[in-house]
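Opening the notebook on this one. I want to go through the ligand contacts and then the aromatic rings.

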Amino acid sequence: MSEGNVFVFDHPLIQHKVSLLRDKNTGTKEFRELVSEIAMLMAYEVTRDLPLKDVDIETPVATAHTKMLAGKPIAIVPILRAGLGMVDGMVKLIPNVKVGHVGLYRDPVTVEPHTYYCKLPEDINERDVILLDPMLATGGSASAAIGYLKEKGIHNIKFMCLIAAPEGIERITTDHPDIHIYCAAKDERLNDHSYIVPGLGDAGDRIFGTN
Ligand code: PRP
Ligand code: URA
């Protein structure tokens, strides 16, 4: 389902796995596996528009006039920490991706994002970039990460998250109207602590078993 630049994946497998992810009784091991599996299923859809070229392949029987990927290679950039949980699933589907990292944390009081680390592949400007973070809450972290990538001259960016709040979607579409957002679920709202309602809690803590 798409609305403007926002795509919400309504595939039954994705919806089922997101429901398991939300459950407060889902433990760290299963949570990690689910994040990875959902990212892999989403990667399938996010890459749907990749360009193809015609190729001839010699099968044991005859020449097959068929297609292979033709466009720019891809880089994925997880926002640390929680975005790391999505890397494995993406790499399973797109094994040749290069992986950059942007380290951001949201100040628990001001909810402003702070950048503490960044390492990108040298040839990232020649690649299409998929930015990863399970949670789009106020949108401050994703907006800062997108702004950072744009400052580095990277403009072909897709943002992929698991759960998006309307407030975060509004922030990204205002700050970066050129960016397409892909999410597995669009939730109701943020609470007084800027947590997504109903959401799934703190994604980083649940992936890494902290707190
Ligand atoms: C979480 C999440 C996003 C951010 C979303 O990270 O993974 O990066 O919050 O919130 P926002 O849209 O309001 O900016 P957090 O800052 O908790 O860091 P962590 O991944 O290291 O736990
Ligand atoms: N970060 C999270 O991990 N969860 C939220 O609900 C909001 C920000």
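Before I list anything: I count a polar contact when a pair of N or O atoms lies within 3.5 Å. I also keep in mind that this is a predicted model.

**Entry 1, ligand 1.** I started with Ala82, where a polar backbone atom is 3.1 Å from an oxygen atom of ligand 1. That is a polar contact, because the cut-off is 3.5 Å. Next I looked up Arg81: an N or O atom in its side chain is 2.9 Å from an oxygen atom of ligand 1. Then I went to Ser141, which puts a polar side-chain atom 2.6 Å from an oxygen atom of the ligand. On its own, ligand 1 exposes 500 Å², and the protein buries 90% of that. I noted 14 residues around ligand 1, with Arg106, Asp133, Thr138, Gly139 and Ser141 as the closest.

Which residues surround ligand 2? I get Arg106, Met135, Ala137, Ser194, Tyr195, Ile196, Gly201, Asp202 and Ala203. Arg106 was on my list for ligand 1 too. For the polar contacts I looked at the backbone. Ile196 has a backbone N or O atom 2.8 Å from an oxygen atom of ligand 2, and Ala203 has one 2.8 Å from an oxygen atom of this ligand. At Gly201, a polar backbone atom is 2.8 Å from a nitrogen atom of ligand 2. The protein covers 88% of the 240 Å² of accessible area that ligand 2 has on its own.

I checked what the charged end of Arg106 does: it sits over the ring of Tyr195, 5.4 Å from the ring centre. Both residues are among those surrounding ligand 2.

Phe9 and Tyr182 are stacked, 6.1 Å centre to centre with 20° between the planes. Phe9 is in the loop between β2 (6–8) and α1 (12–22), and Tyr182 is in strand β12 (residues 180–186), so I'm looking at a link between distant parts of the chain, 173 residues apart. Phe9 and Tyr182 are buried. Tyr105 and Tyr116 are tilted, 6.1 Å centre to centre with 35° between the planes. Tyr105 lies in strand β7 (residues 101–106) and Tyr116 in strand β8 (residues 113–119), so this pair ties together parts eleven residues apart in sequence.

How values were computed. Residues are numbered from 1 along each chain as its sequence is written. Chains are lettered from A and ligands numbered from 1 in the order in which they are written. This is a predicted model: local features need pLDDT of at least 70, side-chain atom pairs count only at pLDDT 80 or more; totals for chains, interfaces and linings use all residues. Side-chain values use heavy atoms; hydrogens and water are left out. Rings of Phe, Tyr and Trp (its six-membered ring) pair if their centres lie within 6.5 Å; planes under 30 degrees apart count as stacked, over 60 as edge-to-face and the rest as tilted. Helices (H or I, at least four residues) and strands (E, at least two) are DSSP runs, numbered from the N terminus. Buried means under 20% relative accessible area, exposed over 50%, partly exposed in between (1.4 Å probe, protein chains only). A charge sits over a ring if NZ of Lys or CZ of Arg is within 6 Å of the ring centre and within 35 degrees of the ring normal. A residue is near a molecule or strand if one of its heavy atoms lies within 4 Å of it. A polar contact is a pair of N or O atoms within 3.5 Å; within protein, one must be able to donate a hydrogen and the other to accept it, and residues adjacent in sequence count only if both atoms are side-chain atoms. Accessible areas come from the Shrake-Rupley method with a 1.4 Å probe; for residues, only the protein chains shown count as cover.
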